[in-house]
Amino acid sequence: MSTPSTARPTLFLAAGLLLCAAAPAPLSAHDFFLIPSVSRPEAGAAIEIAMHVSDTFPGEPVPWRTKRTRDFFLVDDRGKASLLKSPVRGDPPVAHVRLRSGAAVIALQTEPSRIELSPDDFDSYLEHEGHTAILKARRAGKARPDVERERYTRFVKTLLSGAGAAPGPATRRLGLTIEIVPGRDPADLRPGDSLPVRVFFENEPYAGGRLCATHAGYSREHDAFAWCGRLDDEGMATVTLRAPGWQLLRITRMRRLAPGGDDDWESFWASLTFEVRPR
């Protein structure tokens, strides 16, 4: 695994040489992401957006969680539009969305959720997610609580390239608390091409964060990513796309909360999905 530096590391989405295959952890780090029914829709098309919560990619869709959704919207060439009132139906239930144009970014923010872990499980979780500085500080300390209480929120995006459309808003920052932003529109990229990405946390580059990536069909093992690597000082990395199909980029940020509250820790999870067509 690479370490933080000013050079931009390269991450490969391939079933070849392995940079970092995440081993199963005592606590499965289920990823949350969106996958639309079509990645290149026509302008004005009606499409379905499915929620996936899985420790493999892409896994199976889960019932839409309306009550746990804080914000759900799209951004296209006409600006931002709320999708919170989109009808939800099907088996499993999915959101039915009417697009204004083909090219768009669809984003969703969850309501905060909470979990309690034993100190040992929390340490394993930190190690699995690459939060090495926090883990080192915990191991250097003496006092350990009986339980670690965490509050976590997820910020997810999926890209629609649009059939025959001009480059869309894929590279636009949406202002999410934690956000993976492509440096170029991946609509016309093919296996073997490179995609620069940048990650922001609270409107600042997320320097040193560990970005993981995988593609559909890479592995059936739990929490196994095709590649992981550290962002540089500007929060950037370059992903070389080696396989067609749906791609997942994901990253987390963890911080300790002030003593005396209901939670000890707060984490933020970001994911980005898009499809790469065969060359």
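## Strands, cores and aromatic pairs

Of this protein's 279 residues, 53% count as buried (under 20% relative accessible area with a 1.4 Å probe, protein chains only; exposed is over 50%, and partly exposed lies in between). This is a predicted model, where local features need pLDDT of at least 70, side-chain atom pairs count only at pLDDT 80 or more, and totals for chains, interfaces and linings use all residues. Residues are numbered from 1 along each chain as its sequence is written, and side-chain values use heavy atoms, with hydrogens and water left out.

**Overall picture**

- The protein has two helices and 19 strands, taken as DSSP runs numbered from the N terminus (H or I and at least four residues for helices, E and at least two for strands).
- Among contacts (heavy atoms within 4.5 Å) with a separation of 6 or more, 71% come from residues 24 or more positions apart.
- The accessible surface is about 12,800 Å², and carbon and sulfur atoms hold 49% of it (Shrake-Rupley method with a 1.4 Å probe; for residues, only the protein chains shown count as cover).

- Strand 9 covers residues 104-110, and since seven of its seven residues are buried, it is largely enclosed by the rest of the structure.
- Both of its faces are covered, with A104, I106, L108 and T110 buried on one side and V105, A107 and Q109 on the other.
- Strand 5 (residues 69-76) runs antiparallel to strand 9 and is joined to it by six bridges (strands pair if DSSP finds at least two bridges between them).
- Strand 11 also pairs with strand 9 in the antiparallel sense, again over six bridges.
- A107 in strand 9 has F73 opposite it, and A107 also stands opposite K157 in strand 11.

**Nonpolar cores**

- The largest nonpolar core has 30 residues, and I178, I180, V197, L211, L249, I251 and F274 have the most contacts inside it (a core is a set of buried Ala, Val, Leu, Ile, Met, Phe, Trp, Tyr and Cys residues joined through side-chain atoms within 4.5 Å).
- Strand 19 gives the most to this core, namely five residues.
- There's a second, separate core of 20 residues, and L34, A81, V97 and V156 are among them.

**Aromatic pairs and charges over rings**

- Seven aromatic pairs turn up in the structure (rings of Phe, Tyr and Trp, the last by its six-membered ring, with centres within 6.5 Å; planes under 30 degrees apart are stacked, over 60 edge-to-face, and the rest tilted).
- One of them is the tilted pair of W64 and F72, at 5.1 Å centre to centre and 55° between the planes.
- Both partners are buried, W64 at 10% relative accessible area and F72 at 2%.
- Y125 and W269 count as stacked because their ring centres are 6.4 Å apart and their planes meet at 15°.
- That pair links distant parts of the chain, with Y125 in helix 1 (residues 119-129) and W269 in strand 19 (residues 265-276), 144 residues apart.
- Y125 is buried at 5% relative accessible area, and W269 is buried too, at 6%.
- F122, Y125, W265 and W269 make up one aromatic cluster.
- R154 lies over the face of W269, 4.6 Å from the ring centre (a charge sits over a ring if NZ of Lys or CZ of Arg is within 6 Å of the centre and within 35 degrees of the ring normal).
- The charged end of R173 sits over the ring of F200, 3.7 Å from its centre.

**Around helix 1**

- P119, F122, D123, Y125, L126, H128 and E129 are buried in helix 1.
- Their cover includes helix 2 (132-140), strand 10 (113-117), strand 11 (148-160), strand 15 (210-215), strand 18 (245-256) and strand 19.
- Just after helix 1, G130 takes a positive phi of about 80°.
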